[in-house]
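Trainee: Could we go through this model together? I would like to begin with helix packing and then turn to the aromatic rings.

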Amino acid sequence: MSTTGSEQNKAPGSTGGALGMNVRDAIRQPLWLLAELTYACPLQCPYCSNPMDFAKIKSELTTEEWIDVFKQARAMGATQLGLSGGEPLTRPDIIELIRAARDLGFYTNLITSGIGLDASKAKAFKEAGLDHIQVSFQASSEDLNNLIAGTDAFQHKIEMAKAVKAAGYPMVLCFVTHRQNIDKIDEILDLAINLDADYVELATTQYYGWAMHNRDQLLPLKEQLVRAERIAHEYQEQQKGNMKIYYVVPDYYEDRPKACMNGWGNVFLTITPDGTALPCHAARELPGMTLPNVRDISIKEIWEDSNDFNRFRGFDWMKEPCRSCDEKVKDFGGCRCQAYMLTGDPAMADPVCSKSPDRHVVDEAIESGRRESEKSTEIAKPLVFRNPKNSKQISGF
């Protein structure tokens, strides 16, 4: 059993419990399993959440290993399963995995670009027991969508969104917003209406990995956000009873951090293509992570006893101002990965918080993005797109 987690953290975890209770005793079981089936993807989005060194990861879990992961997580109480990537449709065993998850009683959600999907597959997924398909778009116009995706994908996405609806699924669309497309928020929502979407997520770019590398080109300006928020709220009112629209203001423009992942090691469990278990998809980047693997140790042991999952449970790990802040029970100090990337220390307060001594780092990032936006196209930094070649160049090997 690990000592750094269960023995050193004596404060209550994000799961609740009496003050002073051993965090090990307050651990709840995971509710949501995110299965990142593969890092392979036909798209090259410059805000991809996959690690920048994804090209190093060669050994994906087999079908049997993934099914065993599902069984272990389900036995612990997990009920929601996200099938993600990369592009999960590049896995030839996707229907077998869906069927196994359904047999175990999971509510299953396929998160896809739509590339690799067709009407017959959508129907086959339904017959295999898939509950939910989320189709992502990069923009509302063909030219911009294909530019950001790095491939001619837009028309296929349109057809696949229609096929998902025709197969009897609720139509769930996801648009990742950033400075390059946020001025088209009304056109994005008009496209969703024309496709008869049931749910639309306007997902603000999270600045990890590839997005962090491209932050100066992606971070929206304040005036863009004010306009986009106003339009999103107008459409929310207009579409009540027809289409649900989810819009969240980017972290950098908030004065309090979000409760990242509903607390570290509290609700969400991520398994990466090679079997590494993470409290969130970006946690691999943090220094000092032991990165336990499901090929070596059970998920139950990883969740309950590993250094990684106990590292930021409870409150004892917190520094000031978080430790004495009465809001720590709401936001758990914010995002550990964001704290690390902006301060170099994952135990610091999330710098988006106005109480953080490092808030100036966020303000400087906003200003840096503004300066970049004002440059001419001839001298502006180019976007770096996600692909194995760029992965190797950026990682320095």
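**Helix packing and aromatic pairs**

Mentor: What covers the buried residues of α6 includes β4 (132–137), α5 (154–166), β5 (172–177), β6 (199–204), α9 (222–238) and β7 (244–247). Contact means heavy atoms within 4.5 Å, and buried means under 20% relative accessible area, with exposed over 50% and partly exposed in between (1.4 Å probe, protein chains only). Helices (H or I, at least four residues) and strands (E, at least two) are DSSP runs numbered from the N terminus.

Trainee: Before we continue, what should I know about the source of these values?

Mentor: This is a predicted model, in which local features need pLDDT of at least 70 and side-chain atom pairs count only at pLDDT 80 or more, while totals for chains, interfaces and linings use all residues. Residues are numbered from 1 along each chain as its sequence is written, and side-chain values use heavy atoms, with hydrogens and water left out.

Trainee: Which residues of helix α6 are buried?

Mentor: In α6 (residues 185–194) they are Ile 185, Ile 188, Leu 189, Leu 191 and Ala 192. They lie on the same side of α6 because they cover an arc of only 155° around the axis; the arc is that of the directions from the helix axis to the C-beta atoms.

Trainee: What follows α6?

Mentor: Asp 196 follows, and its phi is positive, near 60°.

Trainee: Changing topic, how many aromatic pairs does a search of the whole structure find?

Mentor: The search finds ten. Rings of Phe, Tyr and Trp (its six-membered ring) pair if their centres lie within 6.5 Å; planes under 30 degrees apart count as stacked, over 60 as edge-to-face and the rest as tilted. Phe 70 and Phe 106 form an edge-to-face pair, because their ring centres are 6.3 Å apart and their planes are at 70°.

Trainee: Are Phe 70 and Phe 106 buried or exposed?

Mentor: Both Phe 70 and Phe 106 are buried. The rings of Phe 137 and Phe 175, with centres 5.4 Å apart and planes at 25°, are therefore a stacked pair. Phe 137 is in strand β4 and Phe 175 in strand β5, so this pair ties together parts that are 38 residues apart in sequence.

Trainee: Which lysine lies over the face of Phe 137?

Mentor: Lys 157 does, at 5.8 Å from the ring centre. A charge sits over a ring if NZ of Lys or CZ of Arg is within 6 Å of the ring centre and within 35 degrees of the ring normal.
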